[in-house]
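Thanks for asking me to look this over. Here are my notes, point by point, to read alongside the sequence and the model.

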Amino acid sequence: MGSPFKDHHHHHHHHSLARKLIPWTFYAMLPLVLFRLYFYPYPLHHNTTHSLSSSSISSSTPLLEEETSCDYTNGKWVRDKRGPLYNDSTCGTIKEGQNCIAHGRPDMGYLYWRWKPKHCKLPRFEPSTFLQLLRNKHIAFVGDSMARNQLESLLCMLSSASVPNLVYRDGEDNKFRRWYFESHNINISVYWSPFLVKGVEKSNTGPNHNQLYLDQVDERWAADINGIDLIVLSFGHWFLHPAVYYEGDQVLGCHYCPGLNHTEIGFYDVLRKAIKTTLKALADRKGANSNGIYSFVTTFSPAHFEGDWDKFGACPKTEPYNKGEKTLEGMDADIRQIEVEEVEAARMNSLQLEKFRLQALDVTSLSSMRPDGHPGPYMHPFPFANGVAERVQNDCVHWCLPGPVDTWNEILLEVIKKWEDESKREERVMSRLP
């Protein structure tokens, strides 16, 4: 290809122009570079084959280079003929209402999909790796029934390698339970705490709305925090219910409380306050003077009701949405946004706490693409044994086990692996310092 500069005069003109523009280009690009570093501090390609022997890391390599990250939110569901790691006969801890196969769900296609992130690999869950990394640790899932759903998925995935024993249970409907994996001395607990902050749930005897105390964390789980090494928080759905909100002794307002003399304030700000209080309590109580904690917030998981909840075909789909077919919008997007923003703010605030790690487990988008993964009418055994009834209760919120929720735990394990690698590297770097 010929030179773009035909004659000397042109060449000279371009040259001086370039000389003038180069510094400006540099200044113009600086904010972009800083923006990129702030939001994506690591290269986007995840190299899982990277050898971690100390010889592979030269002391001249800056830490930034080695830290790899992956945007697990961006991807698509692809067919996978291998299917799930477990089924209802190999896992004994599946909740009745989520045991879709045992309850007669006829189609099996929903079990044969894998989440494929765009920029990296999401390996199949390896129970033995998880158990090794969390040997002698206490893991807690805290929150609403989505926390429980994710916990039960994890128990099933681990039970293919090691048997969990139920060692503690309390509360109606087993709202507080703990399992013990003797092989690796691991405890996995579930704490029912649908608001994460202190709350009084509506009851038949008491008021017909929830009461939330937004400036106090729920001590049912927080009192145990010193003995917890990894915590997964999950909440959102309960904030849609009627409630009155308090801060200190003051009523802030309410959400859907006709007949009470309170200001209707919706639930978005309230959700934000609740997560702020929760993450602050975590950082304060697990600050520099403890053995640290790995913390996750599993983001909001959308429901897929397409009709009335009590009609046949409330969530009838049997395949995932294709990429671009379903956009994340409205309430689902708003709740996720608040959760992601607050996790990021808390993470920035706690950077000086060396053993405090926090990340959003951002499953909103990948879950919204799985309308086929819910129990629907199969929350009850064989709902159509006597033909299609006029009314049938549907669950288009929780996830069948096995099902899409297993993917959440695959991502959880990948982040834990990354954090463990980083800790090892930091230790090695520290040990080389004089």
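Predicted model: local features only at pLDDT ≥ 70, side-chain atom pairs only at ≥ 80, totals over all residues.

1. A word on burial before anything else: buried means under 20% relative accessible area, exposed means over 50%, and partly exposed is in between (1.4 Å probe, protein chains only). Residues are numbered from 1 along each chain as its sequence is written, and side-chain values use heavy atoms, with hydrogens and water left out.

2. Let me begin with the cysteines. A disulfide is a covalent bond between the sulfur atoms of two cysteines; in the model it is taken as a pair of cysteine sulfur atoms within 2.5 Å. The structure holds five disulfides. Counting bonded cysteines along the chain, their pattern is 1-4, 2-5, 3-10, 6-7, 8-9.

3. One of these disulfides is formed by Cys 254 and Cys 257, with 1.8 Å from S to S. The link of Cys 254 and Cys 257 is left-handed, at -65° about the S-S bond. Both Cys 254 and Cys 257 are buried.

4. Next, look at Cys 91 and Cys 156, a disulfide whose sulfur atoms are 2.1 Å apart. Cys 91 sits in the loop between β1 (75-79) and β2, and Cys 156 in helix α4, so the bond ties together parts that are 65 residues apart in sequence. (Helices, H or I with at least four residues, and strands, E with at least two, are DSSP runs numbered from the N terminus.) The torsion about the S-S bond of Cys 91 and Cys 156 is about -75°, so this disulfide is left-handed. Cys 91 counts as buried because its relative accessibility is 3%, and Cys 156 is buried too, at 0%.

5. Cys 315 and Cys 396 make another disulfide, S to S 2.2 Å. This pair links distant parts of the chain, 81 residues apart: Cys 315 is in the loop between β12 and α7, and Cys 396 is in the loop between α8 (364-368) and α9. With -85° about the S-S bond, the link of Cys 315 and Cys 396 is left-handed. Cys 315 is buried, with a relative accessible area of 12%, and Cys 396 is buried at 0%.

6. Now for the charged pairs. A salt bridge here is a side-chain nitrogen of Lys or Arg within 4 Å of a carboxyl oxygen of Asp or Glu, and by this rule the count comes to 21 salt bridges. One of them pairs Arg 114 with Glu 410, the closest N and O atoms being 3.4 Å apart. Arg 114 lies in strand β2 (residues 113-117) and Glu 410 in helix α9 (residues 405-432), so the pair ties together parts that are 296 residues apart in sequence.

7. Asp 173 forms a salt bridge with Arg 148, and here the closest N and O atoms are 3.7 Å apart. Asp 173 belongs to the loop between β4 (164-170) and β5 (176-181), and Arg 148 to helix α4 (residues 145-159), so parts 25 residues apart in sequence are tied together. Asp 173 is exposed, with a relative accessible area of 52%, whereas Arg 148 is buried, at 10%.

8. Arg 272 and Glu 342 meet through their side chains in a salt bridge of 2.9 Å, N to O. The two are 70 residues apart, with Arg 272 in helix α6 (residues 268-285) and Glu 342 in helix α7. Arg 272 counts as partly exposed at 24% relative accessibility, while Glu 342 is buried at 7%. Through salt bridges that share partners, Arg 272, Lys 276, Glu 341 and Glu 342 are joined into one network.
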